[in-house]
Amino acid sequence: MNIKISEVANLPTEFGDFRVQVFKEGHKEHLVIFKEKLEEIPIVRVHSECLTGDAIGSLKCDCGAQLEYALIMASQTNGMVIYLRQEGRNIGLLNKINAYALQDAGLNTIEANHQLGFGADERTYEMVTFILHHFNIHKIKLLTNNPDKIKSISDIEIVERIPIIMKSNPHNEAYLNVKKDGMGHLL
């Protein structure tokens, strides 16, 4: 892997004071948000980019709420959030919005991705192992509901899975059911 790594900088936020570092993989720039003094076995959230949920507050998903919760947890427990640039389960923003349009027409999130020629979930997690090794972390408590994420993170011992379950709303209830029933998420 040809990875460029930025310097470490301070990032004061409404959730707490963090340190940040970027890991550039090709054209993707992944952000790591962490406390200065990480726990020996830190709580880690691997969060894939969701512009509509994370930045705009979309109610179609639970991504923004999960990111906010993860930042609070990282602040309170001396943990880490790895923000992977994998928009729309790694199909990109344009295709994600096209999938949204198909969902508006009645397809679920998996059917919409398939209609566009993608798998249900195109994300990968090799970068997570690289980042954790960079920080000399070999054991984590993983904040996730996604069993594929647990299986895909290699060479790191996951000593505990911590659920990250957000309250549903009328706009994301069907989506969350598809994540649970169609993708095996532990909701």
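## A quick tour of the model

Leu51, Ile56, Leu93 and Ile97 make up a nonpolar patch on the surface, and together they have about 340 Å² of accessible area. This is a predicted model, where local features need pLDDT of at least 70 and side-chain atom pairs count only at pLDDT 80 or more, while totals for chains, interfaces and linings use all residues. Residues are numbered from 1 along each chain as its sequence is written, and side-chain values use heavy atoms, with hydrogens and water left out.

**The surface patch**

- A patch takes residues with over 30% relative accessible area and no salt bridge, joining like charges within 9 Å and nonpolar side chains (Val, Leu, Ile, Met, Phe, Trp, Tyr) within 5 Å.
- A salt bridge here is a side-chain nitrogen of Lys or Arg within 4 Å of a carboxyl oxygen of Asp or Glu.
- Accessible areas come from the Shrake-Rupley method with a 1.4 Å probe, and for residues only the protein chains shown count as cover.
- Ile97 sits in helix H4 (residues 93-104); helices (H or I, at least four residues) and strands (E, at least two) are DSSP runs, numbered from the N terminus.
- Ile97 counts as partly exposed because its relative accessibility is 38%, given that buried means under 20%, exposed over 50% and partly exposed in between (1.4 Å probe, protein chains only).

**The nonpolar cores**

- The largest nonpolar core has 20 residues, and those with the most contacts inside it are Val32, Val46, Met80, Ile82, Val128, Leu132 and Phe135.
- Strands S4 (28-34), S5 (43-48), S6 (80-84) and S7 (139-143) and helix H6 (126-134) each supply at least two residues of this core, with the largest share, 4 residues, coming from H6.
- A second, separate core has 15 residues, including Val20, Leu67, Met73 and Met166.
- A core is a set of buried Ala, Val, Leu, Ile, Met, Phe, Trp, Tyr and Cys residues joined through side-chain atoms within 4.5 Å.

**The cysteines**

- The structure holds 0 disulfides, a disulfide being a pair of cysteine sulfur atoms within 2.5 Å.
- For Cys50, the nearest cysteine sulfur is that of Cys63, 3.7 Å away; Cys50 is buried, with a relative accessible area of 5%.
- For Cys61, the nearest cysteine sulfur is also that of Cys63, at 3.6 Å; Cys61 is buried too, at 8% relative accessibility.

**An exposed glutamate**

- Glu36 lies in the loop between S4 and S5 and is exposed, with a relative accessible area of 58%.
- Glu36 and Ser154 are 118 residues apart along the chain, and their C-alpha atoms are separated by 25 Å.
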